[in-house]
Amino acid sequence: MDFITALLVAALSAGTPLLFATLGGILSERCGVIFLGTEGAMLMGAVVSIMTLSRTGSWPLAVVMAMLVGAAFGVLHGVLCVSLKANQTVSGMAITLFGTGLSAFLGKPYAGLPVPAGIPKLNIPVLQDVPVIGDLFGSQNVLVWASFMLVIAMQAYIYRTGWGLKLRAVGDSPSTADAMGIQVAAVRYGHVVAGAMLIGLSGAYLVLVFSPNWMEGMTAGRGWIAVALVIFARWNPVRALLGAYLFGAFEALGYRIQTVTDAVPPYFLKMLPYLITILVLMIIGWNNRRKPSGQPQSLGAPYYREQRT
Amino acid sequence: MNSKAVVIPGGKYRLEWSSRAASASSGLIVSVASVVLALLFSGVFIALNGLNPVFVFETMARGAFGTAGGLSETLVKAIPLLLCGLGVSFAYRISIWNIGAEGQFVVGAIAATAVTIYFPGMPHWSYLPVMFSAGALAGGVWGLLAAVPRTHFQVNELISSLMLNYIALLLLDYLVFGPWKDPAGFNFPGTPMFETWMQLATFGTGRLHLGLFIGLGGVLVYWLIMYRMKWGYELRLLGANPEAARHAGISVTKQILLVMLISGGLAGAAGMAEVSGVSHRLMYSISPGYGYTAIIVAWLAKLNPWGLIVSSVLCGGVIVGGYSVQMIGLPASMSLIVQGSILFFLIGGEQLRSYRVRLRLTSKPGGE
C-alpha cells in the first residue's frame, strides 16, 4: 500500500466512530434537541460493549448493550430537556461528566487488557483484488458497512418520508407541528433516544474495532468533534459522511507523519484534530454570516404547549 | 395558573402540581437535596461494587473533613476549584458556556513556570507577582481564544473552549516530557523544583498555602462587580434578557470578550497558585480535572459568590474523600460519578422549583 491508500484506509477506520456519533447528533438535533452528552455516552457505550464481549463472547450482544446504554442516556436527556424543559446545554454537560466518571469506574478491571476478537469482517471475493478499492472495501468490518447503509437510510428518512417531514417540522416549528396534530414530545423523545443509541454504538466501534484496548477517557474529545461535525454537515447525513472521513483523515495524518519524520514532536501532531475542528467551524461561521446555517430553527428551545401563540 | 393531578395507584392519594414563581429559598433546598440524592444514587454503584455505601461515605467524609490533615488537604483542593468556579460563573452569568477552565488552568500553570525557567535572574521579591500576572494573563488569553471564534465566527464556545483544553494538555505533556524536563529528575515528567522565593508560603498543619487568600479575594471582587457595580448590572441584564440588553445599548461582543478574559484569567491564576503553592514545579497531569469539577462548583452555588466558597470546599472534600476510598478498593473516578449525578439532580430540581407539588388524600377513598 502506498502512502495515500494507507491514509484513506486509516481515515475510513478513524472516521467511522465519528460518523456514527455525528449521525446520532443529527437525529437528535433535527427534532430541536441539542445533545452535548456525546462524549459521555460514547465512553459508556465503549465500556459496556467491552464488558459484555469479555463476559459473554457475543459481539452482537455487545453492540446491542452499547446501544441500550446510549438509549438510557437519551431517555435521561429527554426527561430533563423535553419533559422538565431543563437547559439542554447543562444536561449535556452533566451526561458527559457522569458518563466519563461511570465509564472509568466500570472499566477499571478492563483497562489495558487486549480486546477479545469480536466483530467479523466481510470478505468480498472479486472486490478484494481491485487496487485501492480492494484495500478500502474488500475486507471491511460489518459495522463499517452498517454505517454506509445507515447514511442512505437516514438521508431517505429525513428528506423522502412523511415521518422525516414530521421530524423536520418539530425541529423547525414545534407549535406548527403541534397544530398539525404531531405529538411534539413523542417525536422528540423518539429521536433523542435513537440518536443516543447511535452514539452508544460509536463507542462500541471505538473500543471493539478501532482501539487495541479500553482506556479511561479513550474517546479523547471525539464526542465533541462529532458535535462540531453535526454543524459542519449542516444536519445532513451524506455531508456527515464526508466530514467524518475528512476528520478521520486528519487524525490518521498525524500518526502517518510520525512514521515518516520526527521533525515535529508527536504532541503537536496530536493537536491537529482539535485545532482543525475550531478552524473549520470558524470558516463555516464566516461563510454563513449572511445566510442561514441550516440549523433547525427551534434548536435548543424547549416547547411549552401552554405558551403556544 | 394551570393545575394538574394524577391519582397514585392504589387510589388513596393524588399528586397535584401547579406552576408558580420559583422562590428564593427553594434554590438552597434544591442544592442540598441534589447533593443528598446524588450520594444516595452513587451509593447504588458502590453497592454493586460489593461495598457498603454507608461505610464508604463515612470513610470519604472522615478522610476529607474528619482530621486536621484531611481538612487542610480539602482546602488545598478547594483553592483551584474556587478560582476556576469563579471563572466559569462569570461566563455562565451571561450564558457563555465556558467549559475550558481546565485548559485555562493548565496554560496559567505553564506561563507561571515559564517565568521561573526563562527569567532566573529577577529580584526575589518580584517572582510571585510576575508569576501571578503571567498565569492570569495566559489563562485570559486562552479564554479569548475560545471567545473570538464565538463573537466573530459564530462558533459554539462549548466546542472551541473544550478543544482548547486538549490542546493545552498536549502542550503541557510536550513541555514536561520534552524541553522542560528536569535533567536531574530521574526521568520524572516535571520541571526542576521552584526556588523558595517562587513558592507561595504554606501555613497551618498541611500543604495549605496563601493561594487561599487569592481565592477569597476573587470571591470579594466577583461580589463587588456583580452586585455593587454598574458593569455587573449590565452583565446580569445580559444574562437574563439579551434582547433587552442589546436595546439598552450594551455591546454583546465586547461583554463576551471581557468576561472570557476574566473567566480565563481566574482559571489561569488557579494554575499559577497550584504550581507555586502545591506542586512547586510544573508536572505531568497537574490537574485532576479541576476545570471540569469547577462546572459543578458553579452550578451547585447557583453562581452565588458566597455559595461558591461552600461548594468549592464540598467538591474539594469529594476529591479528597475519593482518594481515601481508593485505599478500600474503589477507583477515584467515584468522585466524578458523585459530581455528575449532583448536576443531574440540580438541573432536574431547578425545573421542579417552578412547580408547587402537593400530595393530597383523594376525596373519595378507593379512587374513582
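Start by selecting α2 and α4 of chain A, whose crossing is left-handed (the near helix is turned anticlockwise from the far one by less than a right angle; clockwise would be right-handed). This is a predicted model, where local features need pLDDT of at least 70, side-chain atom pairs count only at pLDDT 80 or more, and totals for chains, interfaces and linings use all residues. Residues are numbered from 1 along each chain as its sequence is written, chains are lettered from A and ligands numbered from 1 in the order in which they are written, and side-chain values use heavy atoms, leaving out hydrogens and water.

The axes of α2(A), residues 38-56, and α4(A) come within 7 Å and cross at roughly 20° (axes are lines fitted to C-alpha atoms, for helices over the stretch in contact, with angles from 0 to 180 degrees between N-to-C directions). That makes the pair roughly parallel, the label for angles under 35 degrees, while over 145 counts as roughly antiparallel. Show side chains now: A:Leu43, A:Met44 and A:Val47 are among the α2(A) residues that meet α4(A), whose side includes A:Ile95, A:Leu102 and A:Leu106 (contact means heavy atoms within 4.5 Å).

Next, pick α13(A) and α6(B). They pack at an angle of about 160°, axes 9 Å apart, so they are roughly antiparallel. Their crossing is left-handed too. Among the residues that meet are A:Tyr267, A:Phe268 and A:Leu281 from α13(A), and B:Ile159, B:Tyr174 and B:Phe177 from α6(B).

Last stop: the second largest pocket, with about 1100 Å³ of space. On a 1 Å grid over the protein atoms alone, a pocket is an open set of points where a 1.4 Å probe fits, with protein on both sides within 12 Å along at least five of seven lines; lining residues have an atom within 4 Å of a point. Select A:Ile34, B:Trp97, B:Arg150, B:Asn156 and B:Glu157, which lie nearest the centre among its 39 lining residues.

Technical notes
Grid points are joined across faces, edges and corners, and a volume is the space filled by probe spheres set on the points. Helices (H or I, at least four residues) and strands (E, at least two) are DSSP runs, numbered from the N terminus. Angles under 35 degrees count as roughly parallel, over 145 as roughly antiparallel, 65 to 115 as roughly perpendicular and the rest as oblique.
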